[in-house]
Structure formats: C-alpha cells, structure tokens
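Subject: Structure for your review

Hello,

Please read the notes with the model open.

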Amino acid sequence: MVDLLGQYNKIKPEIDKAVLDVIASSAYINGPEVKAFQAELEIYLGAKHVIPCANGTDALQIAMMALGLKPGDEVITANFTYVATAEVIALLQLRPVLVDVIPGTFTIDPVAFEKAITSKTKAVVPVHLFGQCAEMDKIMEISKRHKLFVIEDTAQAIGADYTMPDGTKKKAGTIGDIGCTSFFPSKNLGCFGDGGAIFTNDDELAKKMRMVANHGQSVLYYHDEIGVNSRLDSIQAAILRIKLRHLDEYAAARNRVADYYDKAFANNAHAEIPVRESKSNHVFHQYTLVLKGVDRNAMREFLAAKSIPSMIYYPVPLHLQKAYTDPRYKEGDFPVTENLCANVISFPIHTEMTDEDLEYITAGVLEFINK
Ligand SMILES: Cc1ncc(COP(=O)(O)O)c(C=O)c1O
C-alpha cells in the first residue's frame, strides 16, 4: 500500500546524517532536534503551540485530559473512523457518542452531530478522514452555539488546508481548540517509528497539555496533576524535520495518483470515486472507492492474485465492535457508516507510484468490476 523504502532512498544521505548526528550528540530525549521540529511545525501549520508526543492516540488522550472532562461527559465523534478516536474517550470513562458520516466525503455529518448534542455533551472530535477536512465551518458554528470543545483528529490529513467562511485558509488541526496528529510511518508525514503531536493556539491549554504529557509536572518532581509519559524522541524528530520540508511535494504526488484513479474510475456503474470537499483541499492519505453490487472479497482475492494490494478501511463500524457494544446502538442505526464498511476498498497511494503501477492497478480493478 505504501513504499516507505523508496521514499527513504530519495532522501537517504540527509536522513542518515541527521540520525547519526543525534546518536553522536547523545541528546536522545527532548534534545534540540525535538525543539527545532516543534518550532518548524508551528511555522508550517501557523499554530501558536505544537506539543510533540509519542503517538496520535496519546495526542487525543492528552487533549481530552487537559480539557478537564469528567467521567460520564459525552464526546461526539464519527462512527466511521480508526478506533483510536473512540478508544481514548472510553478509556477516560467519558461517553463516546457516535454519529453517522456524509456518504461521499466520509466525514462527520454536521446535521447528525447537532442532533446528538445533549446537556452532557462537552466536546466533539471531527476526524479528517483519508486526507480531507470535515465540514469545519458548520462544526465550529454548531460547537460555538452549544459551547463545546472541538478536538480535530488530523492523523490522516496533516498539511490539508481549509477555507474558512471569511476566505482565510487554515491548516487542518488549527481550526478547533486542539488538533491531534500521528507520525506513524505510513502517515503523510511519517517518522521511522511512533510519533505524534498536539496543536493549539491557546496558551493555557498548551501549558496544561505540556504538563499532562510530562507526568503532570511543570517543575521536575512536583506533580500537580495525574499525567502520562508521552514523548517524541530526538531521532524521530530529526527525521520529521527533513520530511516536513517535503510534505507539500508529497501531497502533490498523492494528488497525482488520486487524479489518475479518479479518471479511471469516474462514471463507473460499479464504483463511486471519493467526493472532494470544496472547502478543503485533499492530501489523499487514502484513495477509497465505494463499490456498488461488487463482491468485495472476491475482488480482493482477484487483485491479490495479480499482486495488487488493497485494504478495507474500515471493515466494522464502531457500534458493532465487540469492545464498543452499547445498548444505545444496534445494527441499522448508522446506515451510511454500515454501507461504507461493507463496500469501501482502498488502493495503494504513495509518493513513489509510477504511471506503470497505476496502469497495472487500474486495469486489474476495472477488469474485475466491469466483468
Ligand atoms: C484517524 C486516526 N486517529 C488516530 C490515530 C492514532 O495514531 P497512532 O497510531 O499514532 O496512535 C490514527 C492512526 O492510525 C488515525 O488514523
């Protein structure tokens, strides 16, 4: 699905030097590379504060811990997402409230979001799924009216821009109160292990999140809160500094792949191409078709026999996952999410794809769906 080795080979001398320099410096934790990456990411995003941490799941957890939410408080999120989003809500004994998504863009449905708000709702987590922003203008407006915190899960959309109602552009993750991202290797900005970061423009929240991420201390060995230990290490930061300089070029390469797929699959009776939200550009973390009347398992076997990788993001909606069984929800309650889980299929999309790769993949897919 990705070619991380191919991407590394293109920047190998720079990366190797940076990693060896960190090793020679022996500043492995919270070293100068971490501080430099933090400052460079703040500039790239136009965010006042970036707090690096150990992974994207921790980023979400630290954000929710810092907001002072209490057990039983409700947090609304999209049903069609990676489990991490709902996992941290449940772990903190908050109540995950799931809502359906928009069929073409796969992002949280603002109408369903507003309907799900109760007197216990404290926050919403829009997920910028597959590389484009949720409808943040509507989400911000609704959240403001209901005094809810907005935590953007931008693990899959770092670098995407969103055009606000006044015409200004903001980076994904800098629109709400807090943005959370992951630097998992296959992400658009991926390191060579685990990594994550939290963004905010709020000085107080930034202070609190730094403290939570550092065992609840702002002065060494004085613990004002119960916190966690969540750090980005210096080697990963050194790698991310280099890759950040290529992020926009990586997004352009992904868009070239998506354009190729769109052209090949547009107007096909058996597949719907992903809808591009007009207010967000798309950084195509995934390229995902919605199949219509196609036997997906048979298709995947057919493609695998031709060495064409495919993945299902995501096969089971959260409300039908064993761990998230909840008497409030039953099969049929989230028709859009359930249809997507049954019919989506994602194809390889990365920065190193050639026209030959694309020709081969699209020919294989079309051979199956058109037969
Ligand atoms: C939407 C979403 N949220 C959160 C995460 C969690 O990130 P991490 O794997 O770095 O913990 C991911 C990672 O796959 C994700 O895709």
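Helix α13 has 15 residues (355–369), which at 1.5 Å a residue should span 21 Å, and its end C-alpha atoms are 21 Å apart, in agreement. The expected span is 1.5 Å times one less than the number of residues. Helices (H or I, at least four residues) and strands (E, at least two) are DSSP runs, numbered from the N terminus.

This is a predicted model, in which local features need pLDDT of at least 70 and side-chain atom pairs pLDDT 80 or more, while totals for chains, interfaces and linings use all residues. Residues are numbered from 1 along each chain as its sequence is written, and side-chain values use heavy atoms, without hydrogens and water.

Buried residues (under 20% relative accessible area, 1.4 Å probe, protein chains only) in α13 are Leu 358, Ile 361, Thr 362, Gly 364, Val 365, Phe 368 and Ile 369. They lie on the same side of α13, because their arc around the axis is only 160°; the arc is taken from the directions from the helix axis to the C-beta atoms. Their packing partners are α10 (247–265), β12 (271–272), β13 (287–291), α11 (296–305) and β14 (344–347), with contact meaning heavy atoms within 4.5 Å. The buried residues of α12 pack against β13, α11 and β14.

Pockets and cavities come from a 1 Å grid over the protein atoms alone: a 1.4 Å probe fits in a cavity but cannot get out, a pocket is an open set with protein on both sides within 12 Å along at least five of seven lines, and lining residues have an atom within 4 Å of a point. Points are joined across faces, edges and corners, and a volume is the space filled by probe spheres set on them.

The largest pocket holds about 630 Å³. Its lining has 35 residues, of which Tyr 82, Gln 156, Phe 184, Lys 187 and Tyr 314 are the closest to its centre. α4 (56–66), α5 (84–91) and β8 (178–182) each supply at least two lining residues.

The second largest pocket has about 290 Å³. In its lining, α3 gives the largest share, 3 residues.

There are 2 cavities of 30 Å³ or more. The largest cavity, about 80 Å³, has 13 lining residues, with Leu 4, Gln 7, Lys 187, Arg 254 and Thr 351 the closest to its centre. α1 (4–10) and α10 each give two or more residues to that lining. The second largest cavity has a volume of about 30 Å³.

Regards

Methods:
Buried < 20%, exposed > 50% of the residue type's maximum accessible area, 1.4 Å probe, protein only.
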